Amino acid sequence: MNSEVVRELKDRFDGISQCIPEENIEFWFARDLMKPLGYSRWENFQSVIKKAIESCKTAGGEPNNHFRSVTKMVNLGSGAERTINDFMLTRYACYLIAQNGDSRKESIAFAQSYFAIQTRKQEVIEDRIRLQIRMDVRERLRESEKTLSQNIYERGVDYAGFGRIRSTGDAALFGGQTTQDMKNKYGIIETRPLADFLPALTIAAKNLATEMTNHNVLHENLHGETPITAEHVQNNVSVRDMLGQRGIKPENLPPEEDIKKFERRVKSEGKKLEKESGKLPETKED
């Protein structure tokens, strides 16, 4: 997501914010927020709101403090009006809605960071978005590797064999440097996964190669460690070649912040946000 897109989204989200001056509480109306978050149907957005309310309960919060059902009058033209349902949402409520949305949408990825931080400066938002993208692609890699481990276990490869296949694939992706070589290069302790310190591009490259292996293991009905290893190596070589065409060598990219630290920050943000957002008043004039 480039700076121009971030600036446009920030201006749009800033423009629909509301404030209760006497309470010093910032809030958004759900119907104003719906389209900027990429939802065209109120029914679909209501489903996301319901999930966010459940997330609030699970986190030990009081939904009524952050999600307030209201009714509004809208102009239908020719002087006619009708009543519609809406929600007043605190910043914490908006954050939970974004967390329950599809982060592959640019607007959702932006919102997850926009609502998470108190000082919504563009450079701070951009930095957090980059970290969020890393966390998202890291989770996709976890899922694809879990699927691969399950698939090949059914085809005669145990967990130790899966580790060898993954390590051999890493060597192919990193131009002959093994997983341990890359850990040594980055200064990563033995017990931590290499992927937790890789830049988003490299994590995505590993995920693509792993998904290709998953596909071909099933499509070609591969069995045994040797043919599956050969498949995984070829896929990593193919991905490396693709990156090389753009002048990118994965082994030369610098390491990034430990993704686990960011994941811990994301979890603590919710608790902090709930207090910072304040509580919606008991009544609100429509």
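This report describes the nonpolar cores, the cavity and the salt bridges of a predicted model.

## Nonpolar cores

The largest nonpolar core comprises 42 residues, and Leu33, Phe45 and Phe67 have the most contacts inside it. Elements that give two or more residues to this core include α1 (3-15), α2 (30-34), α3 (42-58), β4 (80-90) and α6 (122-153). A second, separate core holds 16 residues, among them Met182, Leu194, Ala195 and Leu198.

Beyond its neighbours within four places in sequence, Leu33 contacts Phe13, Ile16, Trp28, Phe45, Leu89, Cys94 and Phe115.

## Cavity

Helices α7 (159-173), α9 (200-219) and α10 (225-244) each supply at least two residues of the lining.

## Salt bridges

The count of salt bridges is 19. Within helix α1, Lys10 and Asp14 lie 4 residues apart, about one turn of the helix, and their side chains meet at 2.8 Å, N to O. Lys10 is buried at 17% relative accessible area, whereas Asp14 is partly exposed at 28%.

Arg142 forms a salt bridge with Asp196, the closest N and O atoms being 4.0 Å apart. This pair links distant parts of the chain, with Arg142 in helix α6 and Asp196 in the loop between α8 (179-186) and α9, 54 residues apart. Asp196 is buried, at 1% relative accessibility, while Arg142 is partly exposed, at 22%. Both residues belong to a network of salt bridges that also includes Arg138, Glu139, Arg192, Asp258, Lys260 and Glu263.

How values were computed
Residues are numbered from 1 along each chain as its sequence is written. This is a predicted model: local features need pLDDT of at least 70, side-chain atom pairs count only at pLDDT 80 or more; totals for chains, interfaces and linings use all residues. Side-chain values use heavy atoms; hydrogens and water are left out. A nonpolar core is a set of buried Ala, Val, Leu, Ile, Met, Phe, Trp, Tyr and Cys residues joined through side-chain atoms within 4.5 Å. Buried means under 20% relative accessible area, exposed over 50%, partly exposed in between (1.4 Å probe, protein chains only). Contact means heavy atoms within 4.5 Å.
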